[in-house]
Amino acid sequence: MDCGIFTSKTILLFLSLVFWAAGAALAYVGAYLIRSYDNFDNFIQDKYTLIPAAIIIGIAVVMFIFGLVGCCATIRESKIGLSFFFLIIMGIFAAEVAALVFSFIYQGKISGDLERSMNDVYNKYDGEDAETKAVDYLQTQLQCCGVRNYTSWSNTTWYASHNNSVPLSCCKNTTDIQCTGRMDQPDLLNVEGCEAKLERLLQDVLGYAMLVILGFAIVKFFGMLSVCVITCKSGGRRTGYQPLYA
């Protein structure tokens with residue numbers, strides 16, 4: 001078998017076989033993004049933040065469906081099948097590039113969006129509603145207090161109406177009865193602000209997602225080149241199909 005054909009078919013078969021693994025990985029990344037946003041959705045008001053996650057999950061579904069198509073088309077060297085597989089790879093490649101662009105754009109908007117939306121949610125804190133639970137969850141999970149730091153609570157209605165104290169979710173140990181939330185007990189409170197910690201978390205999630213997408217995009221690029229090699233050499237020099245092991 002021609003070395004170029006053998007190499008190209010090997011690449012395409014490998015690409016077909018990893019479609020399922022790649023789809024599973026991308027589905028996990030997309031679900032992780034959505035879960036991360038869902039946990040803190042009260043602080044992220046703009047719906048475009050879910051666009052990268054939606055694109056990633058869509059890509060994963062396509063991978064699962066068309067992985068078998070690529071494998072069969074490669075083994076049989078079907079021009080129609082390979083052309084269809086090429087279009088699939090090109091479409092996924094374009095979607096991955098789009099996800100990278102949206103992720104890159106959103107990375108630059110995280111800070112401004114968080115500060116505005118977090119201030120709104122913290123100002124509405126009353127100890128009872130869903131937004132209250134979101135604040136408590138955020139402060140407990142990230143071990144933080146307030147937007148910029150624990151003194152940010154002094155600008156809220158909660159602070160003025162509760163004897164100049166912060167919520168108990170600001171306590172380093174929420175089961176410590178000595179922690180009453182008063183600011184004159186800073187040693188018992190988490191003093192670092194939640195905005196910086198949440199921003200770091202979202203940046204890390206997006207960074208991880210972008211690396212995964214970039215890796216798969218590179219694989220797709222070589223896959224498209226391999227389809228071109230097989231199609232051109234098959235049409236120019238050979239008829240029928242040649243087994244991979246020949």
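## Basis of the model

The model is predicted: local features need pLDDT of at least 70, side-chain atom pairs count only at pLDDT 80 or more, and totals for chains, interfaces and linings use all residues. Residues are numbered from 1 along each chain as its sequence is written, and side-chain values use heavy atoms, with hydrogens and water left out.

## Overall build

The protein has 7 helices and 0 strands (DSSP runs numbered from the N terminus, helices being H or I of at least four residues and strands E of at least two). Read from the N terminus, the order of elements is α-α-α-α-α-α-α.

Of the 246 residues, 41% are buried (under 20% relative accessible area, with a 1.4 Å probe and protein chains only). Among contacts (heavy atoms within 4.5 Å) between residues at least 6 apart in sequence, 76% join residues at least 24 apart.

Ser 169 counts as buried because its relative accessibility is 8%.

The side chain of Ser 169 forms polar contacts with the side chains of Asp 136, at 2.8 Å, and Gln 139, at 2.7 Å. A polar contact is a pair of N or O atoms within 3.5 Å; within protein, one must be able to donate a hydrogen and the other to accept it, and residues adjacent in sequence count only if both atoms are side-chain atoms. Leaving aside residues up to four places away in sequence, Ser 169 touches Asp 136, Gln 139, Thr 140, Cys 144 and Thr 174.

Technical notes: Buried < 20%, exposed > 50% of the residue type's maximum accessible area, 1.4 Å probe, protein only.
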